[in-house]
Amino acid sequence: MNNQHPELFRRHKLNPILTAADWHYPVNSVFNPGATLLPDGTTLLLCRVEDRRGHSHLTAARSANGIDDWQIDSQPTFLADPENFPEELWGIEDPRITYLPELNKYAVVYTAFTRDGPGVALALTQDFRQFERYGLILPPEDKDAALLPYRIGGNWALIHRPVSSARAHMWVSYSPDLRHWGSHKLMLEARRGSWWDANKIGLSPPPIETPKGWLVIYHGVRYTAAGALYRLGLALFDLQRLEHCLKRSDEWFFGPEALYEQSGDVGYVVFPCGYTLAPDGDTLHLYYGAADTSIALATSSVHALLEWLEH
Ligand code: BMA
């Protein structure tokens with residue numbers, strides 16, 4: 001297999017680590033999971049599950065080592081609730097999880113599939129069993145959103161990807177209460193022309209805090225005659241001023257190369273929505289949707305990613 005950066009991100013040999021066949025009820029596909037480490041060290045994935053109508057919901061899977069022996073909830077963990085939240089009419093997708101020490105709760109920022117396209121919704125939880133919904137916090141068309149773990153200059157910060165023209169960029173917005181969002185700032189622009197990240201980019205997992213800045217893994221979408229290609233690049237942002245980009249990779253570092261990434265419901269897609277950081281503070285487990293069909297794991301090192309970005 002041709003991997004240009006074999007040392008940067010290693011696919012796990014058990015990939016794909018989760019598929020629809022592992023579910024306790026009939027589903028079409030499982031992909032694009034949010035991820036977090038629970039206080040006892042358990043890895044929790046909140047998986048996007050697409051049912052056989054084409055609508056998605058979220059189901060939790062827990063594992064002691066984050067690799068195998070997953071305990072999957074026997075029923076959907078977090079279902080769309082279109083009666084009370086009409087914006088969830090066509091399902092909920094692509095969760096990003098951030099632990100908020102100030103509230104002692106996990107924030108789950110997810111895509112609500114509204115009648116007018118995707119919008120950004122928020123729910124808080126302590127245990128991934130009960131969820132407190134905040135509803136739609138940014139209207140369509142907007143997605144690929146995640147919260148930062150703490151306030152910056154007194155306000156919560158949310159990275160997101162509104163679509164207002166043929167091109168779609170990453171923005172950061174601020175809120176005093178997680179409900180009202182403003183002070184919108186452009187964070188990272190999609191490039192143009194033949195670039196791998198031309199026209200449309202978006203945040204992948206929540207940013208990774210490092211002493212050098214917020215390390216952001218983002219996806220670029222390249223449209224070809226054969227369809228869209230989803231690949232991943234890196235950028236580094238100032239810890240206090242997120243709109244200030246310190247570095248950006250010219251090349252992508254991870255793209256669909258394995259068979260399970262190239263073939264599936266939507267081929268040539270790698271789409272991570274979460275990672276966990278090992279207690280060594282460096283080993284990164286990146287969980288990603290492969291071809292909108294299954295869930296895969298790739299391992300890296302924060303140090304190696306920063307080095308690569310530097311050079
Ligand atoms: C994006 C999102 C993802 C999906 C990807 C490829 O726009 O909708 O959920 O994995 O397209 O289909």
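A: The second largest pocket is lined by 15 residues, and those nearest its centre are Asp94, Lys143, Tyr230, Phe271 and Asp292. A pocket here is an open set of points, on a 1 Å grid over the protein atoms alone, where a 1.4 Å probe fits, with protein on both sides within 12 Å along at least five of seven lines; lining residues have an atom within 4 Å of a point. This is a predicted model, in which local features need pLDDT of at least 70 and side-chain atom pairs pLDDT 80 or more, while totals for chains, interfaces and linings use all residues. Residues are numbered from 1 along each chain as its sequence is written, and side-chain values use heavy atoms, without hydrogens and water.

Strands β2, β10 (142–147) and β16 (213–224) each supply at least two lining residues; strands are DSSP runs (E, at least two residues) numbered from the N terminus. By class, the lining has 6 nonpolar, 2 polar and 7 charged residues, where Asp, Glu, Lys and Arg count as charged, Ala, Val, Leu, Ile, Met, Phe, Trp, Tyr, Cys and Pro as nonpolar, and the others, Gly among them, as polar.

The ligand sits in this pocket, that is, more than half of its atoms lie within 2 Å of the grid points. Asn32, Arg48, Asp94, Lys143, Tyr230, Val266, Val269, Phe271 and Asp292 surround the ligand, each with a heavy atom within 4 Å of it.

Terms used
Helix = DSSP H or I, 4+ residues; strand = E, 2+ residues; numbered from the N terminus.
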